[in-house]
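Student: I have a model open and would like to learn how to read its features one at a time. Where do we begin?

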Amino acid sequence: MDTPDFGIPPQLARRMSMAEQYEYLRTRLTRRRTLVTAGAVAGGLLTGCSSSGSGSSAAASASASASSRGAVHGSVIAPFGRHLAFGTDPKTQMRISWQVPLAVRKPYVRIGTRPDDLSRRIEAEVRDLHTPGVTGVRPALDQYYLHAALDGLRPGTTYYYGVGHDGLDPASPRHRRTVTSFRTAPASPERFVFTAFGDQGVSKAAAANDHVLLRQDPAFHLHAGDICYADVNGRGEKSDGYDPAFWDLFLRQNEPVTRSVPWMVTTGNHDMEAWYSPDGYGGQLARWSLPDNGFDPRSAPGVYAFTYGNVGFVALDANDVSYEIPANLGYSGGRQTAWLDRKLTELRAAEGVDFVVVFFHHCAYSTSSHASDGGVRDAWLPLFDRHQVDLVINGHNHVYERTDAVKDGKVGGTVPIGGTTDPTRDGTVYVTAGGGGKDLYGFPDGVQESYQGHVRDRESVDTFSWSKDKESAPETVEWSRVRYRGFSFLSVEAESGARPRLKVSALAQSGERVDGFEVRRGV
């Protein structure tokens with residue numbers, strides 16, 4: 001039978017705004033839901049939907065119905081939304097994830113060191129996600145996320161891969177154009193670039209940032225939370241406005257980058273989706289395969305660590321400590337903070353690790369709309385000081401803002417644009433990189449932007465921080481060094497050798513640099 005194509009034809013998409021594409025896709029997704037409920041699990045042709053109890057008779061009925069009309073063949077089900085992430089060891093492990101609009105049989109990845117030889121085949125895991133409908137608001141929706149774990153890879157090697165399932169072989173001539181590649185981390189430290197931002201969403205600005213980012217040729221990207229904004233309100237409650245179909249748009253939007261650049265995400269307040277699990281992380285567990293070395297990968301998928309070259313990276317879930325948005329405040333019972341202390345101790349003692357970078361969502365230091373979260377400060381800043389963390393990257397505030405080096409809650413060393421800082425002497429630099437694509441914020445009244453080519457230094461800024469009683473406490477701060485209200489992202493070049501350094505740049509969507517400084521230890 002003829003099966004509808006649930007994507008947007010390229011010639012049509014080019015003429016549509018993002019909002020029009022969303023309405024088009026939502027209509028098709030509603031039709032998809034009807035199709036799945038009519039033919040899911042039919043004769044074992046569609047997998048990923050459960051059938052137990054009273055559901056068994058429904059499955060049998062669906063099977064008979066589908067048999068009489070014909071079933072959807074795998075050849076017409078096109079994968080989309082490929083996104084990569086490292087395993088615990090980026091030198092030897094990669095996780096490949098993607099989505100299909102309908103359930104498929106026997107999904108897999110083909111991989112090889114040449115695009116014309118994808119002889120190795122790895123089975124994929126299906127994680128289906130059902131979102132109940134809300135009358136008059138959104139239809140029920142089933143989404144199918146597929147994940148393949150690639151282990152035993154060679155360091156510093158380019159691999160080619162394609163994703164498929166029964167009825168669709170990426171190695172066939174018809175589908176060979178879908179084959180793409182990734183590169184594992186080097187066996188020993190080398191120069192590399194990574195990028196970072198938070199607060200992306202689905203928009204023309206988000207897609208534009210992706211294109212500029214890709215030109216930096218990053219080895220991987222750090223996403224500091226508030227990934228998609230399918231949850232509009234970000235309070236972590238079932239009363240939040242929510243449309244899971246935004247994830248389909250998000251993964252399509254990002255695929256030109258995420259199919260080849262590992263996308264290392266962590267959890268923001270808009271990523272607590274209360275429809276799937278008590279802590280709201282069931283959706284994240286379905287969509288992402290991340291390193292599983294955090295304090296509890298099944299309850300906190302956005303908490304993990306990895307080492308690439310001479311830099312150790314730690315991802316945290318700030319919902320656990322946030323005073324501002326307390327939906328998940330204290331959910332780990334202190335286990336995340338204890339794990340963080342152990343992990344920073346381990347990284348500081350690790351041979352070949354020159355720098356430690358920590359990223360999470362809520363801001364430790366910012367003067368913009370959400371300002372600073374006192375919960376983050378209370379729980380984690382003493383550890384950052386004790387272990388001399390080199391760089392902290394946050395999102396949450398939709399601006400770019402960068403501090404001087406901060407130590408014991410005060411400016412430990414001024415870091416002007418073009419300057420150099422030594423964390424062993426000055427403290428840690430905190431960067432708010434929230435210009436990933438969502439609507440932008442501003443700065444307090446009367447506070448001007450100050451960035452490369454438009455420096456407006458000032459001694460202090462009147463702002464506030466969130467206190468334990470969920471109130472905003474006014475404060476006057478001296479650490480706000482760079483402020484830019486525009487879509488932007490971080491591009492960081494890490495160098496090893498006799499004089500290791502991090503060369504940190506902030507780039508506007510035009511590609512123009514708006515900030516830059518260097519981190520060197522013991523200079």
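**Reading the model**

Tutor: Begin with tyrosine 229, which sits in the loop between β10 (220-223) and α5 (245-258). Helices (H or I, at least four residues) and strands (E, at least two) are DSSP runs, numbered from the N terminus. This is a predicted model, in which local features need pLDDT of at least 70 and side-chain atom pairs count only at pLDDT 80 or more, while totals for chains, interfaces and linings use all residues. Residues are numbered from 1 along each chain as its sequence is written, and side-chain values use heavy atoms, with hydrogens and water left out.

Student: What is the phi of tyrosine 229?

Tutor: Phi there is near 70 degrees, a positive value in a residue other than glycine. Aspartate 199, also not a glycine, has a positive phi of about 60 degrees. Aspartate 199 belongs to the loop between β9 (192-197) and α4 (204-214).

Student: Is tyrosine 229 buried or exposed?

Tutor: Buried means under 20% relative accessible area, exposed over 50%, and partly exposed in between (1.4 Å probe, protein chains only). Tyrosine 229 has a relative accessible area of 7%, so it is buried. Aspartate 199 is at 0% and therefore counts as buried. Arginine 458, at 37%, counts as partly exposed.

Student: Where is arginine 458 found, and which residues is it in contact with?

Tutor: Arginine 458 is in the loop between β20 (428-433) and β21 (461-466). Contact means heavy atoms within 4.5 Å. Leaving aside neighbours within four places in sequence, arginine 458 is in contact with Gly446, Val447, Gln448 and Arg483. A polar atom of its side chain also lies 2.8 Å from the backbone oxygen of serine 460.

Student: How should I read a nonpolar core?

Tutor: In soluble globular proteins, nonpolar side chains tend to be buried together. A nonpolar core is a set of buried Ala, Val, Leu, Ile, Met, Phe, Trp, Tyr and Cys residues joined through side-chain atoms within 4.5 Å. The largest here has 88 residues, and Leu490 is one of those with the most contacts inside it. A second, separate core of 33 residues includes Ala300, Ala305, Val314 and Leu340.

Student: How many disulfides does the structure hold?

Tutor: A disulfide is a covalent bond between the sulfur atoms of two cysteines. With the cut-off set at cysteine sulfur atoms within 2.5 Å, the structure holds zero disulfides. Cysteine 228 is buried, at 1% relative accessibility, and cysteine 363 is buried at 1%.

Technical notes
A polar contact is a pair of N or O atoms within 3.5 Å; within protein, one must be able to donate a hydrogen and the other to accept it, and residues adjacent in sequence count only if both atoms are side-chain atoms.
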